[in-house]
Structures are given as structure tokens and as C-alpha cells.
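Colleague: I have a few questions about this structure. Could you put it up and take me through it?

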Amino acid sequence: MTELDAQTQEALAELLLSMADDEFVLGFWDSEWTGIAPILEEDVAMSSVSQDEIGHAKALYELLAGLTGDDADRIAFGRPADGYRHAALMNHARTDWASSIARRFLYENADAIRLESLANSSYQPLADLVVKMRREETYHLLHFDLWLRRLAEGGEESRSRLAAAIDELWADAQAVFAPLAGEARLVAARILPETLETLRARWLERVRPRLEALGLPVPAAATPPDADGRIRHTEEFAWLHGEFTMVVRSDEAATW
Amino acid sequence: MVAAAPTRDATVWEALGQLADPEIPAISLVDLGVIRGFAFDATPDGGERLTVELMPTFLGCPAIEVMRQQIGERLTELKVANEVVVELTFAEAWTSERITPAGREALRTSGFAPPVHIGSEFDGELLTVLPLATCPYCGSRNTTLENPFGPTLCRSIYHCADCRQPFEQFKAV
């Protein structure tokens with residue numbers, strides 16, 4: 001493709017950052033299950049999935065760093081908490097297992113739809129990376145769909161906890177598709193082949209029937225998210241930011 | 001008659017074939033299929049640069065940096081170019097289909113079931129319907145998946161109902 005103009009490049013940087021931050025922050029939250037998941041297999045699985053997500057974030061931060069002449073480690077660890085652009089879904093602290101499963105189910109499906117579309121991106125380095133990411137994400141999708149079913153069919157307690165978590169996370173899950181400032185440019189350049197609102201509609205079409213099939217209540221309201229969905233943060237995220245930047249802050253001049 | 005000296009390319013492939021995967025040392029980087037290729041080109045100062053394209057197996061795999069370093073060091077020792085650069089590439093995605101037949105056999109004899117063949121187009125549904133693993137110890141297909149996630153990103157955990165051994169399979173991806 002031809003050289004990107006400054007504004008399109010800025011919009012692309014915003015898209016890459018939003019995707020990378022989603023994967024990075026969720027990877028850190030779920031890595032907290034290592035050692036304390038309900039069963040040993042899930043210690044291993046959640047650790048592995050989190051490692052995948054942080055690997056995806058790393059590759060996206062490197063793509064972004066190459067585009068803007070920045071440094072991937074600086075982008076990952078060198079920003080203040082309010083500089084992160086993850087969706088509001090990733091603002092919630094880890095609580096119970098049902099809540100983590102609900103978040104993973106909502107996010108994995110959203111991410112799958114985003115990646116399916118970006119596989120046709122006119123920005124070839126991103127389209128190439130997406131091919132690689134999708135193969136790994138397939139395992140996540142299958143795994144968390146299985147857990148969704150297990151909890152839905154497991155018994156009264158697991159089912160009610162799961163339903164409550166889906167209800168609590170539903171509005172913030174929409175924010176994975178929160179509009180980006182430069183979105184119109186990205187769509188015009190086919191870097192983002194479809195609008196985020198189109199992708200959100202597709203996500204709803206996929207997620208709702210799955211919840212219905214399991215007899216889980218589908219939250220009614222699904223108001224389109226606004227740009228704030230990737231800007232507002234919580235105290236919980238500020239805490240996590242303090243955790244994952246702790247080592248870097250201990251010696252900012254160190255070479256890794 | 002004197003045997004012809006190996007070409008420079010053959011020397012590089014041979015050196016790469018001697019480097020082991022840091023996490024599964026039974027298999028070489030060449031048999032693992034992570035070397036996409038390499039090329040020599042001239043540098044502005046009149047020297048020559050050897051650039052190797054390395055394909056990550058999994059994006060979060062911590063062994064990538066170790067492989068990169070090993071390749072750089074080994075090829076620098078060969079003194080076939082003034083400079084050696086190892087670049088990660090995503091221009092083509094590494095898939096488990098790239099593991100060579102020799103590599104699959106090396107995995108099996110060291111106790112890892114080779115990945116199931118998935119074809120060039122990855123279809124997640126296949127993961128749920130194919131007979132997934134043959135026990136590397138007794139050859140039985142009477143096996144069950146215990147966990148699709150294992151001790152490293154590229155390994156799943158199975159159990160063989162016949163010889164009652166747990167074993168690992170290299171993930172199809």
C-alpha cells in the first residue's frame with residue numbers, strides 16, 4: 001500500500017494501541033489465577049492463555065513502535081495509568097471464577113470478530129499478524145465456551161453467579177467496540193475494513209444465541225458505546241497498573 | 001577426484017540444523033520449520049550481511065529470543081558474512097504443518113505426540129472432531145485430552161487409557 005498520511009497513521013496507532021492494551025491488561029488480570037484457580041488444569045490453562053495474550057500485546061506494541069519510532073517496552077510499561085486505552089470491560093478486578101469466565105467469553109468472541117475483519121486489512125503487517133493471532137485464539141474460544149457451558153449447566157450456584165457476572169459486565173463489554181477518534185479514516189483506507197459498530201452488531205448476533213441456548217438471561221440493553229469506553233478507568237485498574245509497572249519503576253534506567 | 005566443497009547456503013543450513021529447540025531439544029530449528037529462509041546482501045561499507053527470517057511458533061513463546069540469540073551466535077562463528085541479523089517475520093504464519101517428517105519422528109521418539117495434521121487452512125472445528133493423539137509410548141489411539149494447555153504454549157496434555165501414561169502432544173496450530 002502507499003505511504004500513510006500523518007492523520008491515517010495516527011488513527012492506525014490508536015487502533016493498534018486499543019487492541020494491544022485489551023490483550024495486555026486482560027492477560028495481567030487473568031495471570032492472577034496462576035496457583036489459585038479452582039482446579040490444577042485451570043492453573044495451567046489460565047497461565048497459558050494469559051501468556052498468549054501478553055505475547056499478542058507484545059507483537060502489537062512492536063508493530064506500533066515500528067510505526068511511530070517508539071519503543072515497545074516503553075509503550076507497554078512506561079505510560080501513566082490514564083494513558084492506557086483498553087476497553088472498560090478490562091477495568092474490573094478479578095473476583096470469582098464465574099466472573100472471569102463471563103469476561104473471557106464476552107471478550108474472546110469480540111476479539112474473534114475484530115480479528116476476522118482485520119484479516120482483510122489493507123495494512124499488510126497487521127493482516128499478517130492477525131493470521132497468526134487467530135490460530136492461537138481459536139483455542140481460547142473453544143476453552144471458554146466449554147467453561148461457559150459447564151457453569152451454566154453445573155448447578156444453581158454456578159449458574160446464578162455466571163448470570164450475575166454477565167449482567168454486570170454486559171455494558172462494559174460493548175466498549176470493546178467503542179468508536180476511535182480516527183475510525184472514519186481507517187475505514188476509508190480499509191485498514192479497518194468495517195466500522196466498529198458493524199462489528200459490535202455481529203458480536204451481538206453471535207453472543208446472544210449462545211447465551212439463549214444455555215438458558216442464560218440475555219441482558220436487554222446494549223447501548224452503543226461512546227469513545228469514553230476506552231478512556232475511563234477505575235481504581236481497580238490503577239491498582240493493577242501499579243502491580244505490572246512495579247519492576248520497571250524500581251529501576252527505570254535498567255536495560256532488559 | 002576431490003568432493004566439491006559444500007556451498008555457502010548448505011553450510012548455513014547445516015549449522016541451523018544443529019541448533020536445538022530450547023524447550024524441546026530433541027528437535028532442531030530446521031525440523032521445527034521456524035526458519036523461513038535467509039539471504040546475503042551487500043552492506044554500504046562493502047561487507048556482506050546475512051539476514052535470517054525466523055518464524056515464531058507462538059507469539060508469547062519466551063524461547064523465541066533464545067532461538068534468535070543462538071542463531072546469531074552460531075552463524076557469526078561460521079564467518080560467512082561480516083554481519084548476521086535474525087529477524088522475526090509474520091509475512092507467513094508458522095503452523096505445525098511446517099514440522100518436517102524427521103521432526104515429527106524426533107518428537108515421537110522423545111515422548112511427544114506429533115501434532116495432528118490440520119491442512120493449510122486452520123479450522124478450529126477440527127480440534128473438536130479429529131482423533132487427536134496417538135500415544136508416543138505404546139501407539140494406542142485410545143487416548144483422551146486432559147488439558148489443551150500444557151507446560152509450555154505449544155503443548156497439550158493427554159492420557160493413554162491402554163498404557164496408562166500421561167503424555168504431551170505438540171499442539172496443532
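Modeller: Keep in mind that this is a predicted model. Let us start with the strands.

Colleague: How many bridges join E5(B) to strand E6 of chain B, and how do the two run?

Modeller: E6(B) covers residues 155–160. The bridge partner of Leu145(B) in E6(B) is Tyr158(B). E5(B) and E6(B) are joined by four bridges, and they run antiparallel.

Colleague: Which strands are the edge strands of that sheet?

Modeller: The sheet is open, with four strands of chain B in the order E4-E7-E6-E5 and mixed pairing. An edge strand here pairs on one side only.

Colleague: What is the handedness of the crossing?

Modeller: Take H1(B) as it passes H3(B). The crossing is right-handed.

Colleague: How far apart are the centres of the two domains of chain B?

Modeller: The domain assignment gives domain 1 as 8–88 and domain 2 as 110–170. Seven residues of domain 1 and five residues of domain 2 make the contact. On the domain 1 side, four are nonpolar, two polar and one charged. Taken over C-alpha atoms, the separation of the centres is 29 Å.

Colleague: On to the two chains. Which element gives the largest share of the side of chain A that touches chain B?

Modeller: In this interface, 23 residues of chain A are in contact with 19 residues of chain B. Two or more residues on the chain A side come from helix H2 (40–68) and from helix H5 (124–154). The largest share is twelve residues, and the element is H5(A).

Colleague: How do the residues on that side of chain A divide by class?

Modeller: The count covers the side of chain A that touches chain B. Those residues divide into eleven nonpolar, six polar and six charged.

Terms used. Residues numbered from 1 in each chain as written. Chains lettered and ligands numbered in written order. Predicted model: local features only at pLDDT ≥ 70, side-chain atom pairs only at ≥ 80, totals over all residues. Pairing = 2+ DSSP bridges. Contact = placed C-beta atoms within 7 Å. Nonpolar A, V, L, I, M, F, W, Y, C, P; charged D, E, K, R; others polar. Left-handed = near helix turned anticlockwise from the far one by under 90°. Domains from an automatic or database assignment.
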